Amino acid sequence: MRRVVRQSKFRHVFGQAVKNDQCYDDIRVSRVTWDSSFCAVNPRFVAIIIEASGGGAFLVLPLHKTGRIDKSYPTVCGHTGPVLDIDWCPHNDQAIASGSEDCTVMVWQIPENGLTLSLTEPVVILEGHSKRVGIVAWHPTARNVLLSAGCDNAIIIWNVGTGEALINLDDMHSDMIYNVSWNRNGSLICTASKDKKVRVIDPRKQEIVAEKEKAHEGARPMRAIFLADGNVFTTGFSRMSERQLALWNPKNMQEPIALHEMDTSNGVLLPFYDPDTSIIYLCGKGDSSIRYFEITDESPYVHYLNTFSSKEPQRGMGYMPKRGLDVNKCEIARFFKLHERKCEPIIMTVPRKSDLFQDDLYPDTAGPEAALEAEEWFEGKNADPILISLKHGYIPGKNRDLKVVKKNILDSKPTANKKCDLISIPKKTTDTASVQNEAKLDEILKEIKSIKDTICNQDERIFKLEQQMAKIAA
């Protein structure tokens, strides 16, 4: 029997790295040993976790700011320990969440044109984990709902608008959580854990809906993500340390729908999924390639398409949402590959001769509008993402500022990065305002002077006491 090659419009997807001058150069990418992607992207900014002395920091660069990044470029640096994961809010292109070794989650508001000063004041600090926080993931359809998972094996779901932890799943995982993924409408989550189990959880009912022991037999980290049709896709290792990928139906997790063995490499496979085209891109940490597969309803369900290869291994990877792509060039995915000292965009296109908009490549995609408010979701409502057409390209709209109204506290939280805003806005303030500012400055300077004097006095006192001690000891 002659084997018929399956028809697919994505068979010839073509990957290409951009030219050197369109890369982001001289970035000290984080060396922390954690299997996150270290990079998050949206249609306005690229954020990259970097090496930072005395705490944790990440860079936020406007997409057009390519070339060499100056060492003095401002960073987001409010954490006291290394940053392990970052995630852009899908409903606000200026809000980003970060999880850190300091056990906190912070949510930041980035000024519209990027940073002009380092940002140290988050809009809100979410405290509830007892160990480092390695995963943060925004809800796909409800505004201001954020999930975090820590090495305390707990998953906390926050209402960022009030700064409260509303759901705490702290007794479902007996070992470290490798990753968490929301389903399409955000009613369920699936997790992969060090105990080799894949769990499907209803967070509001706080119950495990489905569970598979030893989804992959190997001891190395797994990943599990939800697909648009409700199935779960996993990557992991066999007992012989071969990398595997598998497809599961949560209604019956006895046997996988499909299971494929790939190769024997020890890099964890990070899956990036495009629900519009049902393509999964697998980027192995330390690999120098991106493999892509199409998921369909016909056997063998997971169809290998192609591999994009380059020379340099990847330290991490950012994945652009569909609305940030160039539809005029038939671009169906854009990755931001982290090297040791730079970030290199890689563009995936489907070669087409026509200049017209290709409807089959760009079905309506999830837009930036939230379908639900946080309170509605916590009360039990579900809603699919609000879709937008990309026919005329996507023009980013004005984002509303992320406001945090703490219960029983006056809304006195200053919007993050006031200093930046003062610098970027031309000074049109009146004389009275400038007088007030000068008075405030004098006040601050006096306070600094008095603290410095106190420190000097204490230093002298310590010196005298040490001399006395030395005499007694002698």
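This is a predicted model: local features need pLDDT of at least 70, side-chain atom pairs count only at pLDDT 80 or more; totals for chains, interfaces and linings use all residues.
Trainee: What counts as a strand, and when do two strands pair?

Mentor: Strands are DSSP runs of E with at least two residues, while helices are runs of H or I with at least four; both are numbered from the N terminus. Two strands pair if DSSP finds at least two bridges between them. In general, strands of a sheet pair through backbone hydrogen bonds, either parallel or antiparallel. Here, β9 (residues 95-100) and β10 pair in the antiparallel sense over 5 bridges, and A97 stands opposite V107 in β10.

Trainee: In what sense does β10 pair with β11, and over how many bridges?

Mentor: The pairing of β10 with β11 (residues 124-127) is antiparallel, over 4 bridges. On β11, V105 has L126 as its bridge partner, and V107 has V124.

Trainee: In what order do the strands of this sheet run?

Mentor: The order is β8-β9-β10-β11, an open sheet of 4 strands with antiparallel pairing. Its edge strands, β8 (83-88) and β11, each pair on one side only. From one strand to the next, the twist averages 20°; axes are lines fitted to C-alpha atoms (for helices, over the stretch in contact), and angles run from 0 to 180 degrees between N-to-C directions.

Trainee: Are the residues of β10 mostly covered or uncovered?

Mentor: First the scale: buried means under 20% relative accessible area, exposed means over 50%, and partly exposed is in between (1.4 Å probe, protein chains only). In β10 (residues 104-109), 6 of its 6 residues are buried. In a regular strand the side chains alternate between the two faces of the sheet. In β10 both faces are covered, with T104, M106 and W108 buried on one side and V105, V107 and Q109 buried on the other.

Trainee: Is R243 buried or exposed?

Mentor: R243, found in strand β22 (residues 243-248), has 1% relative accessibility, so it counts as buried. Its side chain is joined to that of D287 by a polar contact of 2.7 Å. Such a contact is a pair of N or O atoms within 3.5 Å; within protein, one must be able to donate a hydrogen and the other to accept it, and residues adjacent in sequence count only if both atoms are side-chain atoms.

Trainee: Where is R31, and which residues does it touch?

Mentor: R31 is in the loop between β2 and β3 (39-41), and at 52% relative accessibility it counts as exposed. Apart from residues up to four places away in sequence, R31 touches E51, R315 and E340; contact means heavy atoms within 4.5 Å. R31 and E340 are 309 residues apart in sequence, with their C-alpha atoms 8.8 Å apart in space.

Trainee: How many aromatic pairs does the structure hold?

Mentor: There are 13 aromatic pairs. Rings of Phe, Tyr and Trp (its six-membered ring) pair if their centres lie within 6.5 Å; planes under 30 degrees apart count as stacked, over 60 as edge-to-face, and the rest as tilted. The rings of Y24 and F336 have centres 6.4 Å apart and planes at 35°, so this pair is tilted. Y24 and F336 are both buried. By comparison, F357 and Y362 form a stacked pair, 5.7 Å from centre to centre with 25° between the planes.

Technical notes
Residues are numbered from 1 along each chain as its sequence is written. Side-chain values use heavy atoms; hydrogens and water are left out.
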